[in-house]
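Below is a short note for a colleague who is starting to read structures. Please keep the model open while going through the points.

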Amino acid sequence: MDAYSLHLAMAALFGASFVAVSAYYMHRKTLNQLLEFAKAVERDRHDVAAAEDGADAVDHLRHYNSRRRRKSNGGYYRRGSASLPDVTTFSGGGEAEEKRNGPLHVDTIPPGLPRLHTLPQGKSGNVNAATRAGNLRPTSPKSPVASASAFESLEGSDDEDNMTDSSKLDATYLQTNGNADVPDHINATGETIPMAASSMIRSHSASGDLHGVQPDPVAADILRKEPEQETFVRLRISPTEIPSPDEVEVYLALQDCLEMRKSYIFREAVAPWEKEIISDPSTPKPIQNPFDHFPEGKSDHYFQMEDGVVHVYANKDSKEKLFPVADATTFFTDLHHILKVIAAGNIRTLCHHRLVLLEQKFNLHLMLNADREFLAQKSAPHRDFYNVRKVDTHVHHSACMNQKHLLRFIKSKLRKEPDEVVIFRDGTYLTLKEVFESLDLTGYDLNVDLLDVHADKSTFHRFDKFNLKYNPCGQSRLREIFLKQDNLIQGRFLAELTKQVFSDLAASKYQMAEYRISIYGRKMSEWDQLASWIVNNDLYSENVVWLIQLPRLYNVYKEMGIVTSFQNILDNIFLPLFEVTVDPDSHPQLHVFLKQVVGLDLVDDESKPERRPTKHMPTPAQWTNIFNPAFSYYAYYCYANLYTLNKLRESKGMTTIKFRPHSGEAGDIDHLAATFLTAHNIAHGINLRKSPVLQYLYYLAQIGLAMSPLSNNSLFLDYHRNPFPMFFLRGLNVSLSTDDPLQIHLTKEPLVEEYSIAASVWKLSSCDLCEIARNSVYQSGFSHALKSHWIGKGYYKRGPDGNDIHKTNVPHIRLEFRDMIWREELQQVYLGKANFPKFIDP
């Protein structure tokens, strides 16, 4: 053997011997440490047992922890990272294993941070294999989005025992994170009080076999659990200090605005739920003959138009007005007071801060309770977003179909009825075939692109071009034939098209619509023509109600010589309504049609410049110039006449008509101030983003906003800039609507398309969508019986008391939070003296 090989062998022997000796001493030292640790734990357990009769357990554990820290320099336990929370690992092997090994503590917490509360000592939970092996994994923060975090934390997660639950939240943690209230089942020291199994969600044990077919306790608990027993972390983060004098001044100004609205708005003397008691929970039976007229006789009421407003008297000889309404001078004075308030800098600042706080409160609520909301939805059998009722609260009847539907209908009529005389143009009567020949078109040539009714980039900020999209193939004669009810064929084609849309709604079952149809005010006979078209074509559906829209086109009619003053338009619109109310037999078809009319709307381009009205404005009879009156001028005279009409109709037991105009789509902020005083709900309202004061007032008054983000995207505001998600977070009463499916949407279900795009772009959860759908039913004008069936018998009660999760799929957690925050804001504004109504506004 050479010298090199010998040296190599000796070196290997020496190295092996050194490693063996080192391993022996390390092993011996480790055993000594473990024995010393076991003895210390056993000694402390005996101390605890001896102190149970008189000693405070909390003080003893504090003494135990401090003694452990004093012994830490001895090296008998391992010190964890200072960046990790204090986590106690519980073994799943029962009391014997726990007694043998004891709890293993990982120290320490950085000063100032709350401790992570885990299971109380002695109540070990089942843990996975990794935890039993001693691997400590701190709980990662869960996503506030329910659709992600609920599955992550409960289904298939390895962190069930570390999951933050309301039953495990430490009181210190709750106070540190937003001063939240500790749930009832947690006492002052943070210990869990036993609860009924029906009101808890138990974490399932994780077995080693991930693929074994075993019953899922979580699913079983969800099916057994009543949603009403949901608990959640309640926020208490409102300031308690006394408002400063400047803040008190702001709150008093806001109080004045809210009280001013209460003095203007029409409210029924007897609420619908007091008139009609719903005892049968089954589906309301459809009306068999909705257009049957029964003679009712004429009342003695006498009415006459005075300065643009109809006043009603008990009889022709009476001089006392039965239903007085605020005059124009008072209204415009109050309007300017509102405008003065919303322009004040200190009020704008405070309202902006309150709105931001509302938004952050909701975000914090989601972080703490999104998973519970999602689990509550899972516990509601049968219901999901697709089969909760949702109402299209803003859609124009002449655009209620999609473009493919209209194209198929035109081709069908051209194939089946080519010889039907459809129009009188240039002194001759033309058949449908001749009309298309004059346009050099055949049925085969027609396609969606040639129809050209869809809004595109050319319509942005061009309301005139958008209106031209109502003309199929760019031809007004085709609009007159297919999309008008006042034509040579008496609107037969539009009636057939409407019935097809009705059948689509009936097939969907859970979608409803409020179609807006026009009365122009050019002549009084328009009401009878519209009513006869509805009645003669039997246009009735349980899924549909009607609104009347009034285009603000006085200047057009004046230039055409149709009217001589603004008073003519008011006469043509409102006098027939008072006539049929006083004497239903004078207009029998209009009388039965008005039973299905639930609202009055104002429509047209709001972006047109206009003069701000003053209290010295001329009366409607004096308005004879060619300029169009301002929006608020239209709004007041429509509101005042509608207020008097509703009072008269209510006194005779007839249905009432709410004022629900377009407002805030574009143009001046005055529009939103005028509708704040006069309107029940409005359509659009996107300009509220420009006025924090009006936005806060609309929130406090819970005025409904029927918003149409896709429509706004085509006309005035890009989709990603739409304030809808911000309004929703802050708690404004918002719903989604389609506006013009013909110009905007592509599918057979435009309302679901609107919801789906909003959910995708703004990441709305299922709970959010169901809350928006519930809002749409509240904003709609459907009957009390239908609302009771759709969203619950007690829907008219505020907060969670008015919710039925089995019908709305909205958890009580969400509605209790919304109601609680709204009440806190009202208390803040009214300086602790708010008077909360028990029921919603009918």
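1. Buried means under 20% relative accessible area, exposed means over 50%, and partly exposed lies in between (1.4 Å probe, protein chains only). This is a predicted model, in which local features need pLDDT of at least 70, side-chain atom pairs count only at pLDDT 80 or more, and totals for chains, interfaces and linings use all residues. Residues are numbered from 1 along each chain as its sequence is written, and side-chain values use heavy atoms, with hydrogens and water left out.

2. The overall picture comes before the details. The protein chain has 842 residues, and 50% of them are buried. It holds 32 helices and 15 strands; these are DSSP runs numbered from the N terminus, helices (H or I) having at least four residues and strands (E) at least two. A contact means heavy atoms within 4.5 Å. Of the contacts with a separation of 6 or more, 73% join residues 24 or more positions apart.

3. Which residues does the "binding site" annotation cover? According to the unreviewed UniProt entry, they are His-394, His-396, His-662 and Asp-739. They are spread over 346 residues of sequence, yet they cluster in space, with a largest C-alpha distance of 11.7 Å. UniProt positions are given in the numbering used here, feature names are shortened, and annotations may be inferred rather than shown by experiment.

4. His-662 lies in strand S12 (residues 662–663). With a relative accessible area of 5%, His-662 is buried.

5. Asp-739 sits in the loop between strand S15 (734–736) and helix H27 (741–744). Is Asp-739 buried or exposed? Asp-739 is buried, because its relative accessible area is 3%. Leaving aside neighbours within four places in sequence, Asp-739 touches His-394, Val-395, His-396, His-684, Ser-708 and Ser-711.

6. Ser-776 is part of helix H29 (residues 766–779). Its relative accessibility is 0%, so Ser-776 counts as buried. The side chain of Ser-776 reaches the backbone oxygen of Ala-773 at 2.5 Å. Apart from residues up to four places away in sequence, Ser-776 is in contact with Lys-390, Val-391, Thr-393, Ser-735 and Tyr-755.

7. Asp-440 is not a glycine, yet has a positive phi of about 60 degrees. Asp-440 is in the loop between helix H13 (432–438) and helix H14 (448–451), and at 67% relative accessibility Asp-440 counts as exposed. Asp-538, also not a glycine, has a positive phi of about 55 degrees. Asp-538 is in the loop between helix H18 (526–536) and strand S9 (544–551). At 46% relative accessibility, Asp-538 counts as partly exposed.

Technical notes. Polar contact = N/O pair within 3.5 Å; in protein donor to acceptor, adjacent residues only side chain to side chain.
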